Amino acid sequence: MVARQPEVTDGDFHLLARPLRLSERAFGRVPKVYIACTEDRAVTLALQQRMVRDSPCDRVLSLASGHSPFFSCPDALVALLLSSYATFEDRRLRSVHVGDVGSQPAQRPRRPLSRTRFTA
């Protein structure tokens, strides 16, 4: 038996108009790595830098690719994703204090855009 895909109805579009509210307690606990596509013509580098400024990441990497690196350079993208794993592991370890499993997440430093470097 084939699973049936859920259908989107006109009544579901109200969800797109609802403002998205993210809290530091929930969204802030998730480690974030941003991969900037430096040759992206759909989302300019300036817009990508603004997105990083508005929602700081634990690590910012860059990839000389267009908007779809998963098509144009999948091997390079996989290499960056694998290299970013250490960021997630480090964040997980910092968020748990000795003797306090499930403690509050580590505070992520807010970096100004001028200090954010897009690096590989």
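Q: Among contacts between residues at least 6 apart in sequence, what percentage join residues at least 24 apart?
A: That comes to 69% in this chain. Keep in mind that the model is predicted.

Q: OK, and how many helices and strands are there in the chain?
A: Four helices and two strands. Going along the sequence, the pattern reads α-β-α-β-α-α.

Q: What share of the residues counts as buried?
A: 27% of the 120 residues.

Q: And the surface, what does the accessible area of the chain come to?
A: About 9,200 Å², with 59% of that belonging to carbon and sulfur atoms.

Q: Which residues form a nonpolar patch on the surface?
A: Leu 20, Leu 22 and Phe 27 form one, and together they have about 320 Å² of accessible area.

Q: Let's stay with Phe 27. Where is its place in the chain?
A: Phe 27 is in a loop, the one between helix H1 (14–17) and strand S1 (33–37).

Q: Why does Phe 27 count as partly exposed?
A: Because its relative accessibility is 32%, and partly exposed covers what falls between the 20% limit for buried and the 50% limit for exposed.

Q: Which residue lies over the face of Phe 27?
A: Lys 32 does, at 4.2 Å from the ring centre.

Q: Switching to ring pairs: how many aromatic pairs does the count come to?
A: One, going by ring centres within 6.5 Å.

Terms used. Residues numbered from 1 in each chain as written. Predicted model: local features only at pLDDT ≥ 70, side-chain atom pairs only at ≥ 80, totals over all residues. Heavy atoms only, no water. Patch = residues over 30% accessible without salt bridge, like charges linked within 9 Å, V, L, I, M, F, W, Y side chains within 5 Å. Areas by Shrake-Rupley, 256 points an atom, 1.4 Å probe, with all protein chains shown as cover. Salt bridge = Lys/Arg side-chain N within 4 Å of Asp/Glu carboxyl O. Buried < 20%, exposed > 50% of the residue type's maximum accessible area, 1.4 Å probe, protein only. Phe/Tyr/Trp six-rings, centres within 6.5 Å; stacked < 30°, edge-to-face > 60°. Lys NZ or Arg CZ within 6 Å of the ring centre and 35° of its normal. Contact = heavy atoms within 4.5 Å.
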